[in-house]
Amino acid sequence: MDMGFMQNRFTVTVDVYKKKTHDLLQPIQIPNSTGFTTQLTNFGTVENKGLEISGIGALVTTPRFNWNLNANISFNRNQMLDLPGDQFAGSLYNNFDNFFLQRNGQPIGTVYGFVEDGFYDNLAEVVADPYYAGQSEEVQRMMIGEIKYKNFDEDPAITANDRRIIGNTNAKYNFGVTNSFSYRNFNLSVFFQGVQGNDIVNTNLYQIRMGKVANIPQFVYDGRWTPENAANATWPKALAADTRQPRLSDRLVQDAPTCA
Ligand SMILES: [Ca+2]
């Protein structure tokens, strides 16, 4: 749809679209007894729908000086459909598995993982957790300063069932603006663009185990759990050995609005 205003000094274009792509080629998990773990097959649908708006305006038109503005913004939503059940995109790398969920009604790029709930600050907090209540005091004391994960089901153990949707890597919208100026023989064009509302997965953070001898960023060192820093801790306590196996959690999901 195109619209013009004021003898077409301003024009606006609006496009609405909806598109379904059927029979995606993708791997499905098959029994290991076949000798393979996945098989490529055609199923599933992706629906993309969106809105694109662009406008052009001649803000100043004089013999010597002109100023034109060109702006656009687009919104796209996608969702997966017709899947037989939940499945996951392939492993990013070793131990970094099943972090991108493919679920009917959810977009491609849905992040799925554990939800953190602070740290075990003292022995009483560990004992209050039904999973550790009956364990030896040695085990309980080891948990002080460790990350606490939210438990969502009847089983007090933290298992794959305690994962939830924790992020979406799709932008809520993209935009761009171009200002063009001309004065006699001089031209200047100023362009910026950006995306808003998307999450990113910062896999670098997954490498920070707080164990063994390894370089860590200053903010991690400063934010590590200690009895004195418990209220402000953002990372678990430092360990003498590399024994910690972090979970793929909302810790790795960060807001990523950008403008350039
Ligand atoms: Ca559980």
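**Before starting.** I am working with a predicted model, where local features need pLDDT of at least 70, side-chain atom pairs count only at pLDDT 80 or more, and totals for chains, interfaces and linings use all residues. Residues are numbered from 1 along each chain, as its sequence is written.

**Entry on β9.** I looked up strand β9, residues 110–113; strands here are DSSP runs of E with at least two residues, numbered from the N terminus. Which residues of β9 are buried on each side? I found Thr110 and Tyr112 buried on one side, and Val111 and Gly113 buried on the other. Buried means that 20 or more other C-beta atoms lie within 10 Å of the residue's own; exposed means 12 or fewer, partly exposed is in between, and C-beta atoms are placed from the backbone.

**Entry on its partners.** I then checked pairing, which needs at least two DSSP bridges between two strands. Strand β8 (residues 100–102) pairs with β9 in the antiparallel sense over 2 bridges, and Phe100 has Val111 as its bridge partner in β9. Strand β12 (residues 164–168) also runs antiparallel to β9, joined to it by 4 bridges. There, Val111 has Gly167 as its bridge partner.

**Entry on the loops.** I looked for positive phi in residues other than glycine and noted Asp82, near 65°, and Asn98, near 55°. Asp82 sits in the loop between β6 (65–81) and β7 (87–88), while Asn98 sits in the loop between β7 and β8. Asn98 is partly exposed because it has 17 C-beta neighbours inside 10 Å.
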